[in-house]
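Colleague: I would like to learn how to read helix packing and charged pairs in a model of this kind. Could you take me through them one at a time?

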Amino acid sequence: MPEQPPYLRIADELRRRIAEQEWTPGDRLPSRAQIAEECGVGENVVRRAQELLISQGALEGRAGSGTYVAAPRQRVRVVRSSAREQPDGSPFRADMKAAGKLGDWESRTEAKVPAPAEISSRLGIAEVDLCVRTVYEFLADGKPVQLSTSWEPYDLTAGTVVVLPEGGPHAGAGVVNRMAEIGITVSHAVEQPEPRQANAQEASLLGIQKGSFVTHIRRTYYSDQGRPVETADIVVPSALCEIVYEIPISR
């Protein structure tokens, strides 16, 4: 069996000392130099071990102060289900309310943005075709827990009251309800989830360590005519949220 990399061995040692309450939540760890000397490794090995434990939520780094044992974090449950589309409410707000938190979001919309190659493929349009792009930051008690970037074909909603997802009389109503206002019936959505590591921008927005694990969900809504009407990239941090898929069963 291959020998365990040194940084994983040090991470296990730090976990053990936390589990045995040598350090408790809120305690500041000794310096990297001190831990390195105690364990007989280099400071870079200790740094990698601490970064791993930060990404897993066991430690937290405080700029200019050091590394501390993190308090246990309650992960909020995010339910993915077409059955949760609501005519007068938000499934995200409902999820946060169930967790005892206030759910809200901030957004920024740009109209007439040329579709990147992957987005044009998902929407079945040409790369030169224009889209309405909306960037979302979803909040629980004012703290970010989820990111999303949504794309809609501009020619689908141009000149209508729903051209801006978060503006006008149907602001925030969601894709299904907004499309219904212009006579388009959304019949189903397809989601493709995959795990990956957060990039620097995502980590900064979510308040997590760069390289922390996230679930990246590529979601596309389709009309009853089979046309893609919206696609989105949703980023959910594993340390902050658990994702549950609710599957309706027809009888």
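**Helix packing and salt bridges**

Modeller: Helices α1 and α2 are roughly perpendicular to each other, a label given to angles of 65 to 115 degrees, whereas those under 35 count as roughly parallel, those over 145 as roughly antiparallel and the rest as oblique. The model is predicted, so local features need pLDDT of at least 70 and side-chain atom pairs count only at pLDDT 80 or more, while totals for chains, interfaces and linings use all residues. Residues are numbered from 1 along each chain as its sequence is written, and side-chain values use heavy atoms, with hydrogens and water left out.

Colleague: At what angle do α1 and α2 pack, and how many Å apart are their axes?

Modeller: Axes are lines fitted to C-alpha atoms, for helices over the stretch in contact, with angles running from 0 to 180 degrees between N-to-C directions. Here α1 (residues 6–19) and α2 (residues 32–39) pack at about 105 degrees, with axes 12 Å apart; helices (H or I, at least four residues) and strands (E, at least two) are DSSP runs numbered from the N terminus.

Colleague: Which residues make the contact?

Modeller: With contact meaning heavy atoms within 4.5 Å, α1 contributes Arg9, Ile10, Glu13, Leu14 and Arg17, and α2 contributes Ile35, Glu38 and Cys39.

Colleague: How many salt bridges does the structure hold?

Modeller: Side chains of opposite charge can pair when their charged atoms come close. A salt bridge is a side-chain nitrogen of Lys or Arg within 4 Å of a carboxyl oxygen of Asp or Glu, and the structure holds 20 of them. In one of these, Glu191 pairs with Arg80, the closest N and O atoms being 2.5 Å apart. Because Glu191 lies in strand β7 (residues 186–197) and Arg80 in strand β3 (residues 76–80), the pair ties together parts 111 residues apart in sequence.

Colleague: Is Arg80 buried or exposed?

Modeller: Buried means under 20% relative accessible area, exposed over 50%, and partly exposed in between (1.4 Å probe, protein chains only). Arg80, at 13%, is therefore buried, whereas Glu191, at 25%, counts as partly exposed.

Colleague: Which residue does Glu230 meet in a salt bridge?

Modeller: The side chain of Glu230 meets that of Arg219 (2.8 Å, N to O). Glu230 belongs to strand β9 (residues 228–237) and Arg219 to strand β8, eleven residues apart. Glu230 is buried at a relative accessible area of 1%, and Arg219 is buried at 13%. Elsewhere, salt bridges that share partners join Glu118, Arg122, Glu194, Arg218 and Asp233 into one network.
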